[in-house]
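Subject: Structure handover

Hello,

Here is the structure I promised you. My notes on it follow below.

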Amino acid sequence: MTETTDTRARRLLDRATAGLPQEGHPVTHVTDLPAREARIADWPDWVPDTVLDAVTATGVDRPWQHQVDAATAAWSGRNVVIATGTSSGKSLAYQLPVLSRLVANPRATALYLSPTKALAADQLRSVSDMGVPSVRPARYDGDTPQSERTWVRDHARWVFTNPDMLHRGVLPAHPRWARFFRGLTYVVVDECHGYRGVFGSHVALLLRRLRRIARQYGADPVFVLASATTAEPAEFASRLVGAECTAVADDASPSGARTVALWEPPLLGDLAGENDAPVRRSAGAEAARILAELVIEGARTLAFVRSRRGAELTALGAKRILAEVAPELADKVAAYRAGYLPEERRALESALLDGELLGVATTNALELGVDISGLDAVVIAGYPGTLASFWQQSGRAGRAGDDALVVFVARDDPLDTYLAHHPRALLERPVEAAVLDPTNPYVLAPQLACAAAESALTTKDLTDFGGSAARAVLDDLVADAVLRRRPSGWYWTSRERPHSDVDIRGSGVEQVAVVEADTSRLLGTVDGASACGTVHPGAVYLHRGESYVVDDLDLEQGIAFVHAEDPEWSTSARDVVDIEILDTVESRSYGGVTVNLGHVAVTSQVVGYLRRLPSGEVLDHVPLDLPEQVLHTRAVWYTIAEPLLCGEGPGTHTGVEPARVPGALHAAEHAAIGLLPLFATCDRWDIGGVSTAVHANTGEATVFVHDGHPGGAGFADRGYAAFVPWLTATREAVISCECPAGCPSCVQSPKCGNGNEPLDKAGAVAVLDLVLAAIEGAATTHDHVDDQAAERSTDVT
């Protein structure tokens with residue numbers, strides 16, 4: 001912890017902690033991050049006067065060095081990724097070359113891609129406000145009225161859209177976009193670090209499809225990518241685009257000082273959760289209280305919450321607190337999340353920009369979204385899954401160069417518990433590299449079908465799509481009569497194009513509409529893959545602070561019917577899982593312990609849901625009868641031989657009594673799932689797990705952790721590669737939790753279909769000790785053998 005300084009951020013933290021008891025104080029660590037001075041550069045001489053005048057009119061007198069470096073690389077024709085922090089002016093790095101080219105060449109066009117509509121709208125507004133003549137920027141997304149779309153195709157020169165619309169609306173209709181494609185000079189891929197996992201793999205193939213169609217019209221666009229600070233930006237950008245990229249990662253922008261506080265909500269002694277486990281005050285409730293205190297101080301604050309429902313509840317909680325102590329401020333707080341209707345999003349964005357709102361509880365929809373300046377504080381309720389996202393969210397504070405407060409509030413989760421007690425893992429660890437795999441056959445097959453429907457695939461095209469991997473997938477598509485093989489290439493066989501059936505967001509299932517049964521009013525949408533867990537019959541669904549209860553879920557029609565109701569409880573779904581090993585790709589043995597990576601078939605079914613009070617107390621479990629879902633994916637798993645598990649192996653470990661083995665393995669599995677996001681760019685909801693005392697395929701005690709996407713998303717592979725540090729951190733997280741026998745902060749899982757039974761916290765530590773000791777022992781033996789071999793070699797010499 002650094003020395004206390006008297007700054008506005010520290011005073012805000014004092015306000016947030018005022019009145020809290022010193023015993024069991026929630027703040028576990030506070031540090032002050034220093035400010036950073038700017039490094040200024042001269043304007044490049046290739047920028048036309050009309051563009052330079054427009055840019056300087058926005059208040060930018062001189063650029064920062066990294067902006068000039070990236071812009072000059074793009075102007076010279078090199079693909080470039082600019083990977084710098086939040087509020088470092090990445091937009092100017094691509095605006096300069098794009099606007100300059102559009103001014104210099106009246107036939108040139110450009111495409112802008114962002115993962116969210118909010119960000120695209122913000123960037124379009126920025127370019128439009130510059131008023132550069134003849135640029136004609138325009139939006140083309142799901143919110144664009146049909147009456148405007150023809151004008152965009154025929155006349156717009158800089159089109160702002162998202163990957164979904166490029167996939168469904170632009171590439172399938174590329175002949176109608178011929179003018180645009182013939183002039184395509186630049187493609188801007190904003191916030192590219194968000195393209196990871198299955199979604200990132202889809203986008204990587206989508207960009208290859210885009211490059212292929214552009215080449216058919218005689219264009220070879222330069223790609224300019226903007227990313228948060230990330231590991232290996234050049235390698236990642238090259239893998240995403242399918243072409244070599246140069247990285248600009250030396251951030252020359254100024255940064256205000258920030259105070260970062262780690263906050264672990266206390267255990268509530270008078271309440272018990274599932275199986276009488278101790279309950280912590282929820283991160284959302286704690287964030288609501290902190291948000292209210294900061295609003296009272298007049299601090300403009302964003303509270304990032306993990307889920308849509310959580311954002312709604314946090315905003316409601318803050319408004320209730322303010323209604324009691326400062327009623328005039330209650331209307332200064334609102335929720336913002338994806339799933340709102342377009343006009344609702346626009347109104348909230350306007351209120352944020354105008355300062356009408358002081359406190360906003362949001363999902364990550366605003367992590368990449370509107371350029372909000374002048375924020376005094378950010379509250380992050382729960383680790384957002386990656387360090388890149390953590391720093392992106394925390395960077396929303398202090399964007400005007402002033403000092404600011406960042407509060408990380410730990411959830412009841414093993415990873416959050418670990419980070420709250422190991423600040424170096426959060427504040428000093430290098431940002432992880434994003435994971436994507438464009439050769440995943442479950443992603444490659446639909447993408448190749450779409451590419452063939454756009455224009456027949458040739459053998460020459462296959463290099464960009466994975467070479468031999470693409471050829472194998474094409475053979476399967478031909479065998480299934482999806483494509484037809486001719487001497488000249490592979491052809492789409494149906495009149496109906498496949499694009500509308502391919503969900504690039506990775507679920508493979510269309511969105512489910514949430515409709516109020518009495519009025520037929522569309523409230524919002526949820527991802528089809530998560531519908532069984534979020535809008536099952538009996539689920540509580542929140543929209544704009546209003547509560548609804550689901551009456552019926554029709555998966556075939558993609559509709560969930562709800563009615564207005566405000567029960568005092570919330571709901572969380574439970575599922576049961578079985579797993580079968582299909583093949584083993586890699587395996588390592590360590591004297592009684594094996595660690596494996598391979599393909600598995602996971603059968604899961606949502607079997608019920610819990611009703612919980614806001615305190616965390618569980619009211620009851622309600623059974624459900626929903627269909628099974630089978631997932632073919634990749635998994636990492638380890639096995640433990642019975643003698644070692646029972647304490648009969650070498651070493652000082654006593655092992656685990658047979659009756660405790662199921663609970664010990666189950667607890668170790670839950671904790672490992674919770675900690676994998678520390679080593680792979682994933683969320684615990686992106687992965688799953690199974691543990692068993694004797695698995696049918698291995699014949700031994702086995703713990704599986706598997707990817708939650710068809711074909712895998714690279715998460716299990718990361719777990720296999722970082723197996724020892726992953727399990728070491730898992731053990732530390734379990735030990736760090738002060739509960740006596742297990743709770744959601746260490747070994748309980750929020751989605752366990754077995755009701756978190758049996759669980760054995762002490763047994764989990766024993767299992768992890770056994771596994772880590774076996775690996776360490778095998779490594780020591782290997783080193784000893786190597787030393788003896790070296791000595792024998794020396795003797796012979």
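Lys460 is exposed, because its relative accessibility is 74% and the cut-off for exposed is over 50%. Its place is the loop that links helix H17 (441–454) to helix H18 (468–479). Compare its position with that of Phe181: the two C-alpha atoms are 21 Å apart in space, and the residues are 279 apart in sequence. Please keep in mind that this is a predicted model.

Overall build

The protein has 24 helices and 29 strands. Its radius of gyration is 27 Å, close to the 28 Å that the globule rule gives for 797 residues, so the protein is as compact as a globular protein of that length. Along the principal axes, the C-alpha atoms fill a box of roughly 80 × 75 × 75 Å. Buried residues make up 57% of the 797.

Salt bridges

Side chains of opposite charge can pair when their charged atoms come close. The count here comes to 28 salt bridges.

Start with Glu738 and Arg280. Their side chains meet in a salt bridge at 2.9 Å, N to O. Glu738 sits in the loop between helix H23 (723–736) and helix H24 (761–796), and Arg280 in strand E11 (residues 278–280), so the pair ties together parts that are 458 residues apart in sequence. Are the two partners buried or exposed? Glu738 is partly exposed, at 47% relative accessibility. Arg280 is buried, because its relative accessible area is 4% and buried means under 20%.

Next come Arg411 and Asp413. The closest N and O atoms of this salt bridge are 3.9 Å apart. The distance counts because the cut-off is within 4 Å. Arg411 is partly exposed at 21% relative accessibility. Asp413 is buried at 4%.

Then there is Arg471 with Asp475. Here the closest N and O atoms are 3.8 Å apart. Both residues belong to helix H18; they are four residues apart, and about one helical turn separates them. Arg471 is partly exposed, with a relative accessibility of 34%. Asp475 is also partly exposed, with a relative accessible area of 43%.

Negative patch

Which residues form the negative surface patch? They are Asp518, Glu546, Asp551, Asp552, Glu565 and Asp566. Take Asp566 from that list. It is found in the loop between strand E23 (559–564) and strand E24 (570–589). Its relative accessible area is 66%, so Asp566 is exposed.

A buried alanine

Ala54 belongs to helix H2 (residues 49–56). Is Ala54 buried or exposed? Its relative accessibility is 8%, so Ala54 counts as buried. Between Ala54 and Asp129 there are 8.9 Å in space, C-alpha to C-alpha, and the two are 75 residues apart in sequence.

- Lys460, exposed, in the loop between helix H17 and helix H18.
- Glu738 and Arg280, paired in a salt bridge.
- Arg471 and Asp475, four residues apart in helix H18.
- Asp566, one of the residues of the negative surface patch.
- Ala54, buried, in helix H2.

Best regards

Note on methods:
Residues numbered from 1 in each chain as written. Predicted model: local features only at pLDDT ≥ 70, side-chain atom pairs only at ≥ 80, totals over all residues. Heavy atoms only, no water. Helix = DSSP H or I, 4+ residues; strand = E, 2+ residues; numbered from the N terminus. Buried < 20%, exposed > 50% of the residue type's maximum accessible area, 1.4 Å probe, protein only. Patch = residues over 30% accessible without salt bridge, like charges linked within 9 Å, V, L, I, M, F, W, Y side chains within 5 Å. Areas by Shrake-Rupley, 256 points an atom, 1.4 Å probe, with all protein chains shown as cover. Lys, Arg positive; Asp, Glu negative; His and termini not counted. Charge placed at Lys NZ, Arg CZ, Asp CG, Glu CD. Rg over C-alpha atoms; globule rule 2.2 N^0.38 Å.
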